[in-house]
Amino acid sequence: MKVVRIGDPVLRQKAVRVEQFGEALKQTLDEMVVLMKKKSGVGLAAPQIGIPERFFVVQVPGEQPIAFVNPEIIETSLETVDFTEGCLSVPGVWGDVSRPASVRIQAVNADGKMFRLDADGYLARIIQHEFDHLNGVLFVDRLKERELSKIRKKLEKWEPSRK
Ligand SMILES: [Zn+2]
């Protein structure tokens, strides 16, 4: 298992729902947590390891990792906040992204059990970033023009179709 980088078409695909729950999925989720920690990341989505399916893991530093399978963001706050993001699939790039301050998410865990979570702060931020990955969206797509202009050359090299 390794992290794929921007330019790989799998990162631009709309991921499909998970239909098969069981040991294979659990093991993949466990391996993703290990890989995420090894890379000092706080979130990792299946497309980032080359699997175009709807699941991701997140871990706020100091807390337990959480796995989200077939997640749906069912509510977002009107209030938005700016926060600096980076991505294991977009090396060496950081930038401010504006997103809702809090979200309510519904998902299924590794055992196939449905749960709901109200998240704010850093957790809400990570969840929204990872959720974007399931729809082929990268945080650089959400940068404001001012920040985007600084890295446009890099992005066009990685994704020539941007031009
Ligand atoms: Zn990312």
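Which residue in S7 does Arg104 stand opposite? Start there, then work across to helix H1.

Reply: Arg104 stands opposite Asp118 in S7. First, some ground rules. This is a predicted model, where local features need pLDDT of at least 70, side-chain atom pairs count only at pLDDT 80 or more, and totals for chains, interfaces and linings use all residues. Residues are numbered from 1 along each chain as its sequence is written. Helices (H or I, at least four residues) and strands (E, at least two) are DSSP runs, numbered from the N terminus.

Now the sheet. Strand S6 (residues 102-108) and S7 are antiparallel, with seven bridges between them. Two strands count as paired if DSSP finds at least two bridges between them. S6 also pairs with S3, again antiparallel, over five bridges. S3 in turn runs antiparallel to S2, and four bridges join them. Phe56 stands opposite Phe68 in S3.

Put together, the open sheet has five strands in the order S1-S2-S3-S6-S7, with antiparallel pairing. S1 and strand S7 (114-120) are the edges; each has a single partner strand, so one side of each lacks a neighbour in the sheet. From one strand to the next, the twist averages 40°. Axes here are lines fitted to C-alpha atoms, for helices over the stretch in contact, and angles run from 0 to 180 degrees between N-to-C directions.

Next, the helix. H1 lies across S1, S2 and S3, at about 45° to S2. H1 covers residues 23-38, which is 16 residues. At 1.5 Å a residue they should span 22 Å, and the end C-alpha atoms are 23 Å apart, which agrees. The expected span is 1.5 Å times one less than the number of residues.

Leu25, Leu29, Met32 and Met36 of H1 are buried. Down the axis of H1, the buried residues fall within an arc of 55°, so they line one face of the helix. That arc is taken from the directions from the helix axis to the C-beta atoms. Buried means 20 or more other C-beta atoms within 10 Å of a residue's own; exposed means 12 or fewer; partly exposed is in between, with C-beta atoms placed from the backbone.

What do the buried residues of H1 pack against? They pack against strand S1 (43-45), strand S2 (55-58) and strand S3 (66-76). Contact means C-beta atoms, placed from the backbone, within 7 Å. The face of H1 turned away from its buried side carries the exposed residues Glu23, Ala24, Gln27 and Lys38. Just after H1, Ser40 takes a positive phi of about 55°.

Notes: Two residues are in contact if their C-beta atoms, placed from the backbone, lie within 7 Å.
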